[in-house]
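Please read this note with the sequence and the model open side by side.

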Amino acid sequence: MTTATLDPVRIRREFPTLDQSVNGHPLVYLDNAATSQKPRAVLDALGAYYENDNSNVHRGIHELSRRATVAYEESRAKVASWVGATEPAEIVWTRGTTEAINLVSTAWGLNNVREGDEILISVLEHHSNIIPWQLLAQRTGAVIKYIEIDDQGRWVLEDLSDLLTDRTKVVAISHVSNALGTVNPVKEVAAAAHEVGALVLVDGAQGAVHIKVNVQDLGVDCYAFSGHKMCGPTGIGALWARRDLLDSMEPYQGGGEMIHLVEREMSTWAKVPHKFEAGTPNIAGAIGMGAAIDFLSEVGMDAIARHERDLLAYALERVSAVGGVRIYGPESLEEHSALISFTLGDAHPHDIATILDSEGIAVRAGHHCAQLAMKHFGISATARASIYLYNTEDDIDRLAEGLEQVRSIFA
Ligand code: PLP
């Protein structure tokens, strides 16, 4: 086991956004689950593409287009190895996790799910992994079933064998909850889902960010994730899916780049992954996501995970010591990813976030696009402080001091 550690103070110097004052205070950025900040290496990669190589990919027979295509496809290969794909062709570029899930629910779902079939998701899901399946159910007459959660926000799996039937066509579940931080037992559920022949899609928006993912080891069929939550640009993400699955799927959108031959009445499709990439793609975004992967790899995912674990433990201790705080999510650190979802007495989470913002501390407040999870606890919102590799104990101390201030106002 590697014992490499990271120095967050050195790392944060790589992130220009973090070096500023907000409302007269040095910025403390704890809204990483919404989107992470970008290191200079990513900003430089975006700038270098636009300054030196800007051109369309796969089309031009000229030097700039060749360079852009090489960089774009090299990034695809980096994303492929990031999640343990068998080959780069198993990676489809998308706008992010949301589009990747919609791609599968539409291109695969409409051709494989029929009236009376069942779709299994959990009440912990982000709306991005609920609504596409509700749309599919409305269009096909399929039924949605839910894995429930317990009072620590963990899946209740005792009745899993009842939830999975020979009508279950797809199981769509998150790797890590953005609302409560729960790390879900995806591997166990995937194995059970495969026993009834269901397809397993994982929403990895909060997974591939913090965990070294290997899709072969997880034993899933599709894994969706976003670049902007892992130091990359907005507007880019990826769908990993098994090659044979992608080969068997109909296109998602029609347009340039995704065709082989076009005739008046019908056309044939390009090979995967291009079959799913109609139109000019987000070339700069893809190159930026590759640069983000290089950056994170250099720091080391083991070192990042260890740092986040230590800081989460410290944050849980400091935040729970503030009178009136209630923390939602698993008690065990093993099952809890790098965020704290909490309420504080009668203070509305929006008021908590507003007061913290006046102190230069950025947290998120609201339902976190997880209204079903909020409903389970009988609340409409929480405040959420989410940690990443550049956060420090000082950041957590400032958060705890800010919360003491909130408490004094609402006491
Ligand atoms: N799933 C989870 C668990 C998320 O946290 C998010 C974003 O917050 C999404 C899906 C949607 O990601 P994106 O907006 O990048 O498509």
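1. On the basis of the note. This is a predicted model, in which local features need pLDDT of at least 70 and side-chain atom pairs count only at pLDDT 80 or more, while totals for chains, interfaces and linings use all residues. Residues are numbered from 1 along each chain as its sequence is written, and side-chain values use heavy atoms, with hydrogens and water left out.

2. On the domains. The chain is divided into domain 1 (8-30 + 301-406) and domain 2 (44-297), with bounds that come from an automatic or database domain assignment. The contact between them (heavy atoms within 4.5 Å) takes 31 residues from domain 1 and 32 residues from domain 2. Their C-alpha centres lie 28 Å apart.

3. On the largest cavity. A search of the whole structure finds 2 cavities of 30 Å³ or more, where a cavity is a set of points, on a 1 Å grid over the protein atoms alone, at which a 1.4 Å probe fits but cannot get out. The largest cavity has a volume of about 80 Å³, a volume being the space filled by probe spheres set on the points, which are joined across faces, edges and corners. Of the 14 residues that line the largest cavity, N32, A33, Q206, H210 and I387 are the closest to its centre; a lining residue has an atom within 4 Å of a point.

4. On the classes of the lining residues. The lining of the largest cavity divides into 7 nonpolar, 6 polar and 1 charged residues, where Ala, Val, Leu, Ile, Met, Phe, Trp, Tyr, Cys and Pro count as nonpolar, Asp, Glu, Lys and Arg as charged, and the others, Gly among them, as polar. The second largest cavity holds about 40 Å³ of space, and the residues that line it are V57, H58, Y72, E257, H274, E277, G279 and P281. By class, this second lining has 3 nonpolar, 3 polar and 2 charged residues.

5. On N184 and S174. N184 lies in the loop between β7 (168-174) and α7 (186-195), whereas S174 lies in strand β7; helices (H or I, at least four residues) and strands (E, at least two) are DSSP runs, numbered from the N terminus. N184 is buried, with a relative accessible area of 5%, and S174 is buried too, at 3%; buried means under 20% relative accessible area, exposed over 50%, and partly exposed in between, with a 1.4 Å probe and protein chains only. The side chain of N184 reaches the backbone oxygen of S174 at 2.8 Å. Leaving aside neighbours within four places in sequence, the contacts of N184 include L124, W155 and S174, and those of S174 include E125, W155, N184 and D203.

6. On N178 and V183. N178 is placed in the loop between β7 and α7, and V183 is found in the loop between β7 and α7. Is N178 buried or exposed? N178 is buried, with a relative accessible area of 7%, whereas V183 is partly exposed at 24%. A polar atom of the side chain of N178 lies 2.8 Å from the backbone oxygen of H368. The C-alpha atoms of V183 and S337 are separated by 6.1 Å, although these residues are 154 residues apart along the chain.

7. On backbone geometry. Most residues other than glycine have a negative phi, and most peptide bonds are trans. Which values deserve a second look here? N23, although it is not a glycine, has a positive phi of about 50°; N23 lies in the loop between β1 (21-22) and β2 (25-26) and counts as partly exposed at 48% relative accessibility. C369, also not a glycine, has a positive phi of about 55°, and lies in the loop between β16 (364-366) and α13 (371-376). The peptide bond from V272 to P273 is cis, with omega near 5°, and P273 is placed in the loop between β12 (267-269) and α10 (283-299).

Notes
On a 1 Å grid over the protein atoms alone, a cavity is a set of points where a 1.4 Å probe fits but cannot get out, and a pocket is an open set with protein on both sides within 12 Å along at least five of seven lines; lining residues have an atom within 4 Å of a point. A polar contact is a pair of N or O atoms within 3.5 Å; within protein, one must be able to donate a hydrogen and the other to accept it, and residues adjacent in sequence count only if both atoms are side-chain atoms.
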